[in-house]
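Biologist: I'd like to learn how to read helix packing from a model. Can we go through one together?

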Amino acid sequence: MGRIRNTFELAKLSWGVLKSDRELLTLPVLSFLVSAALLIPLVFVALATASTGSGGSEETTASPAMAIVAIVAALGLSVISVFFNGALVAGAHERLTGGDPTVGSAIRKAFSRIAGLVPWAILTATVGLILRALRDRAGWAGQFVINMIGIAWELATFLVVPAIIIDDKGAWDGVKASGSLLKSTWGENLAARVGFGLLGFVAILPVILVVAVLGSLGGAGLILGIVVGVAWVGLVVVVMTALNAVFQTALYLYATSGMAPSGFEGSSIGESFSRR
């Protein structure tokens, strides 16, 4: 529990850093908009290539073309997500090292590291697709093992994007650097991921109550509740995504230098990420 409490403290410090550059919250929104721009035409393509059932049935079945569209969508969404996460890390790194980032400077930095970000996005998306395919075909015991492999992969690759953005590493070198650093901080990393998940859950709880109350009124109240709920959840996702990027960047800087970055001085970061 001590590690979880430290995570909450570091989340507050991350928010303190983020408050200086609230415009960086635009980046997760841009990521969503670009993802939507990719998905909308792909949905139409998928519907157009769907094959109908035999005997004139209206039921549609997956076709090879639909499978290709699904793979393209998964890879495209991964590239978009990784790119904008890289931009967030770039902005956080600039702030934590004494700079004054903007959305433009963060995006330009991410573009300068595109040679590492895109291969990493394709690699992590491919691993995800393989694990999902294996999980769908496995029994409960196999699913448990595959889930554990997925968690281990996420832990081992938590610092890949900071390694690419900050130290200009390639995708595979970034994986090796991240895995090497987390050999000494895996427990703290796991506690941090759990802590951020709990923080996001707690942030969503109030709106669940609001939606339930408005929904009980029916009609316009239900519609208003849905609008409020979607907007609030979206805001929570945006903030948590940005906080996670700040946290990743601070962890990478501490793990590689042994010194707390600007904004985290005098905090428990040394205890939270203590080397074993």
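Biologist: How are H3 and H4 oriented to each other?

Modeller: Two packed helices are described by the angle between their axes and the distance between the axes. Here H3 (residues 64–96) and H4 (residues 103–112) pack at about 120°, their axes 8 Å apart. Axes are lines fitted to C-alpha atoms over the stretch in contact, with angles from 0 to 180 degrees between N-to-C directions. H3 and H4 are therefore oblique to each other; under 35 degrees is roughly parallel, over 145 roughly antiparallel, 65 to 115 roughly perpendicular, and the rest oblique.

Biologist: Which residues of H3 and H4 make the contact?

Modeller: Contact means heavy atoms within 4.5 Å. H3 brings Phe83, Gly86, Ala87, Ala90, Gly91 and Glu94, and H4 brings Ser105, Ala106, Ile107, Lys109, Ala110 and Phe111. They divide into seven nonpolar, three polar and two charged.

Biologist: What about confidence, the pLDDT?

Modeller: This is a predicted model, where local features need pLDDT of at least 70, side-chain atom pairs need 80 or more, and totals for chains, interfaces and linings use all residues. Residues are numbered from 1 along each chain as its sequence is written, and side-chain values use heavy atoms, leaving out hydrogens and water. pLDDT is the predictor's confidence in each residue, from 0 to 100. The mean is 82, and 83% of residues reach 70 or more. It stays under 50 over residues 53–57, with two contacts beyond four places in sequence, and over residues 272–276, with 21 such contacts.

Key
Helices (H or I, at least four residues) and strands (E, at least two) are DSSP runs, numbered from the N terminus. Ala, Val, Leu, Ile, Met, Phe, Trp, Tyr, Cys and Pro count as nonpolar, Asp, Glu, Lys and Arg as charged, and the others, Gly among them, as polar.
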